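Here's a quick look at a ligand site and some helix packing. Have the viewer open while you read.

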Amino acid sequence: MSVLELARGEILAMQPYSSARMESSSHGVMLNANESPWPFPAAVGLNRYPEPQPMALRSRLAALYGVEPDQVLASRGSDESIDLLVRAFCRPLQDAVMICPPTFGMYAVSAEVQGAKILRVPLSGPDFTLDVDRVLAAVTPAVKLLFVCSPNNPTGGLVPLASVRHLASALAGRALVIVDEAYVEFAGAQSTATLLQQHDNLGVLRTLSKAWGLAGARIGALLAHAEVVDLLRRIMPPYPLPTPSVDAAMAVLGGGEGLMRKHVAVVATERESLRAALETMPGVREVLPSRANFLAVRFEHAVAIQRSLVRKGIVVRDVTRYPGLEDALRISIGTPAENNRLLEVLYPLVRGQCEEVIPEVPASGLGPWRGRS
Ligand SMILES: *Cc1c(COP(=O)(O)O)cnc(C)c1O
């Protein structure tokens, strides 16, 4: 059986739009796309429509992620790939996606826009781990896509490769397992893309928005079997990737992985020293273990702390609307100077709020984290 049997029949049957750039190469006298023949001097080359799936970018991403170019769908952020998957596989009011909250919000948003049902199997235990057996027990015939976020946003936990392998095997012929690896560079873990050859119902989401520092360029990718990539291309807008974004991605990727790895290493060190500092702070209940570039932190007064931080010019994410995180804020790891500034501002805030509860807080200074470099 082909994994395409899980796709919506109407998508398989439809005649996809065929753009000028798909139908012929962009060489010679170009009179086929109703473009302007005059580029503006400030925007050389932008009078032409871009390649729908730039070959150079696809090849570069394939090499980076260890797959074949025809297993790469480059999209406007991985957000677009999520949306395309839901639209290609879930019939409105019939099919469903399964998610494991608390997790990234876009899976549910895309499902709702499509009219797909959402089945939720919460992550388990104090560290929010994915319970493979509970997930599998909850899968119904309506479920076409299972989204697994690893490391998970906003909790930071990594899902072991063995769990993904188990899920993909158990759901073969029934549903696709989509592993969102937006933060995997920070985890120093092996990508589940290494399992693609064995599982045609596996997809892996990657992005240049986080470790690669290109959130503004909006370049992400789905790594999947070539037939799944081709299916999604049928419903993708004809020119999804703006030329300046592709150029920026090629320039950054062309420079090699060195700088990215250096930044990832700084983030990992900073994350652990920020954790150590936060854990000893009054008013902090818990810092969740994280393999990503953020920490989920439980506070005695999360919402008040978040608002006070904003007034002091520091913006962190209120995640109290997520189930199980009703007392938590999500703090992205910044530069060492930014992280120090956070601690400097946070300490007097939590101390002020905890004075009645904990009388024996240090009376002055910044405590053990003063002078952290
Ligand atoms: C940030 C994020 C994304 C979105 O990435 P883009 O490529 O910028 O669209 C996807 N998944 C998770 C879990 C994220 O946190």
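This is a predicted model: local features need pLDDT of at least 70, side-chain atom pairs count only at pLDDT 80 or more; totals for chains, interfaces and linings use all residues.

Residues are numbered from 1 along each chain as its sequence is written, and side-chain values use heavy atoms, with hydrogens and water left out.

**The ligand**

There are 13 residues around the ligand, and S78, D180, T207, S209 and K210 come nearest; being near takes a heavy atom within 4 Å. By class, that shell splits into four nonpolar, five polar and four charged residues, where Asp, Glu, Lys and Arg count as charged, Ala, Val, Leu, Ile, Met, Phe, Trp, Tyr, Cys and Pro as nonpolar, and the others, Gly among them, as polar. Helix α4 (residues 77-89) gives the largest share of the shell, three residues. Helices here are DSSP runs (H or I, at least four residues) and strands are too (E, at least two), numbered from the N terminus.

| Side chain | Distance to a ligand oxygen atom |
|---|---|
| Y183 | 2.6 Å |
| S209 | 2.6 Å |
| K210 | 3.1 Å |

On its own the ligand has 390 Å² of accessible area, and the protein covers 94% of that (Shrake-Rupley method, 1.4 Å probe).

**Helix α3**

In α3 (residues 55-65), the buried residues are L57, R58, L61, A62, L64 and Y65; buried means under 20% relative accessible area, with a 1.4 Å probe and protein chains only. They line one face of the helix, because they fall within an arc of 165° seen down its axis (the arc uses directions from the helix axis to the C-beta atoms). Their packing partners are β1 (72-76), β6 (202-207), β7 (219-224), α9 (226-235) and α10 (243-254), with contact meaning heavy atoms within 4.5 Å. Just after α3, G66 has a positive phi of about 70°.

**Helix α7**

For α7 (residues 161-170), L161, S163, V164, L167 and A168 are buried. They span an arc of only 160° around the axis, so they sit on the same side of α7. Their cover includes α6 (132-138), β4 (143-149), β5 (176-180) and β6.

**E270**

Is E270 buried or exposed? E270 counts as buried because its relative accessibility is 7%. This residue belongs to helix α11 (residues 258-279), and its side chain makes a polar contact of 2.7 Å with the side chain of N339. A polar contact is a pair of N or O atoms within 3.5 Å; within protein, one must be able to donate a hydrogen and the other to accept it, and residues adjacent in sequence count only if both atoms are side-chain atoms.

How values were computed. Buried means under 20% relative accessible area, exposed over 50%, partly exposed in between (1.4 Å probe, protein chains only).
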